[in-house]
Amino acid sequence: MEKNAVISAVSSQELDCLRRLSGLFGPTGCEDRVLAFLGEELEKLGVEAAFDRMGNLICRMRFGGAGEEPLPRLMISAHTDEVGFMITEITEEGYLRFGNLGGIDTAVLPGKRVTVLSDAGLLRGVIASKAIHHKDKKEREKGVKAEKLYIDIGAGSREVAETMVSVGDFATFASEFFLMGEGERGCAKGKALDDRMGCCAMLEVIRRLTECPPPVAAEVFFCFTVREEIGLSGARVAANELAPDYALILETTAIGDIADAPDARRVATFGGGGVISVMDRSTVYDRRFVDFALSLAEREKIPAQVKRYVSGGNDAGSIHKTGEGVRCLALSVPTRYLHSPACVARLSDYAAVRDLCEAIVRNPDALFRED
């Protein structure tokens, strides 16, 4: 592993952190395990962090300035939640009906392994539907509908299932994390890379800043936010409390680079570096921040690219509308098969996002000087 050129740019410690983050149970509204892990990692780094009322975990780092004089504020955020499911009904046969938490393509669900969290702990299950042998021609052509799916936990009856789970319990994909490819094409595969890669990048940037503080005068707030996949509510609360001047949102972005996809819809280049958004479905990004990030990436020789398609959204949709307005930038890892149990991202793209984030923290003067 150490001989791999790309993996050498991503430390074994980072890879282990990403593996652990990917495997943690944390659908929207149930991020506790992810937040507990992040809190432990921040404690190891010797930095202070605290939870707000919504459940966001916020680490404040102050650089330069005398005493507690007001300094320019930069908020950096990555969301801790992942797409998942909520149990809505237990059938007489012991199957679990469910509703989606976040945008999930129903076509990817049948046959997938899931983990259900209940008072009994973490339970294994499988998403099932009518077998293809039992479908007529019309059913095969139309594909599966969400209301025809259920989770099988091996209960056998409602009575048994009710001793194991309750309506309102959460579930998410159960998926192995592994590395694939070599050299500059080395990739990570796992669930919840959206947005555990952003969380992992923030941890690494915090570590670097503690070891070598930047010669700037600024307050930087690293925010591990909750409930992004439904409503962006965690980031809204954090931004209202912190009142930042600027916000950098670390994310993933879905790319359509499979065969036969037209160039105009490919969004970004897999392996082309961090993706900087000009506009998405919820935000028009601050042009000066965009230009600053692109010029900084060029100067520092960090791979970066502009998102080529208006799609998706992220915590910036809430952050930029708080207070008197916040100038936002979204910096994303281009990721295949987003919101599925098998997200795939290049490690070189992750490293580019991490490094550009650090570079922005160390070189904010061009932004702050004009405020």
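Predicted model: local features only at pLDDT ≥ 70, side-chain atom pairs only at ≥ 80, totals over all residues.
Student: How are α3 and α6 oriented to each other, roughly parallel or roughly antiparallel?

Tutor: Helix α3 (residues 32-45) and helix α6 (residues 193-211) have axes 10 Å apart and pack at an angle of about 15 degrees. Angles under 35 degrees count as roughly parallel. That angle therefore makes α3 and α6 roughly parallel.

Student: Which residues of α6 make the contact with α3?

Tutor: The crossing of α3 and α6 is right-handed. The residues of this contact divide into seven nonpolar, one polar and three charged. On the α3 side they are V34, L38, E41, L42 and L45. On the α6 side they are R196, C199, L203, I206, R207 and T210.

Student: How are α2 and α3 oriented, roughly parallel or roughly antiparallel?

Tutor: The axes of helix α2 (residues 12-23) and α3 come within 9 Å, and they cross at roughly 155 degrees. Angles over 145 degrees count as roughly antiparallel. So α2 and α3 are roughly antiparallel.

Student: Which residues of α3 meet α2, and what is the handedness of the crossing?

Tutor: From α2, the contact takes C17, R20 and L21. By class, the contact of α2 with α3 has five nonpolar, no polar and two charged residues. From α3 come V34, F37, L38 and E41, and the crossing is right-handed.

Student: What is the orientation of α6 and α10 to each other?

Tutor: Helix α10 (residues 347-362) has an axis that comes within 9 Å of that of α6, with a crossing of roughly 45 degrees. The crossing is right-handed. An angle under 35 degrees would count as roughly parallel and 65 to 115 as roughly perpendicular. The two helices are therefore oblique.

Student: How many residues in the contact of α6 with α10 are charged?

Tutor: In α6 the contact uses M197, C200, A201, E204, V205, R208 and L209. In α10 it uses Y350, R354, D355, C357, E358, V361 and R362. Eight of these residues are nonpolar and none is polar, while the charged ones number six.

Student: What is the volume of the largest cavity?

Tutor: The whole structure was searched, and one cavity of 30 Å³ or more was found. Its lining consists of E82, V83, F173, A192, D194, E229, H339, S340 and C343. By class, that lining has four nonpolar, two polar and three charged residues. The volume is about 60 Å³.

Student: Which strand gives the largest share of the lining of the largest pocket?

Tutor: The largest pocket has a volume of about 450 Å³. Its lining has 21 residues, with A254, S311, G312, G313 and L338 nearest the centre. They divide into four nonpolar, 10 polar and seven charged. The largest share, four residues, comes from strand β13 (residues 246-254).

Student: Is the peptide bond from D194 to D195 cis or trans?

Tutor: D194 is one of the residues lining the largest cavity, and D195 lies in helix α6. Omega for the bond between D194 and D195 is near 10 degrees. The bond is cis.

Student: What is the value of phi at L232?

Tutor: L232 sits in the loop between β12 (218-225) and α7 (233-242). This residue is not glycine, and its phi is positive. The value is near 55 degrees.

Definitions and conventions
Residues numbered from 1 in each chain as written. Heavy atoms only, no water. 1 Å grid on protein atoms, 1.4 Å probe; cavity = no way out; pocket = protein on both sides within 12 Å on 5 of 7 lines; lining within 4 Å. Points joined across faces, edges and corners; volume = space filled by probe spheres on them. Nonpolar A, V, L, I, M, F, W, Y, C, P; charged D, E, K, R; others polar. Axes fitted to C-alpha atoms, helices over the stretch in contact; angles between N-to-C directions. Left-handed = near helix turned anticlockwise from the far one by under 90°. Contact = heavy atoms within 4.5 Å.
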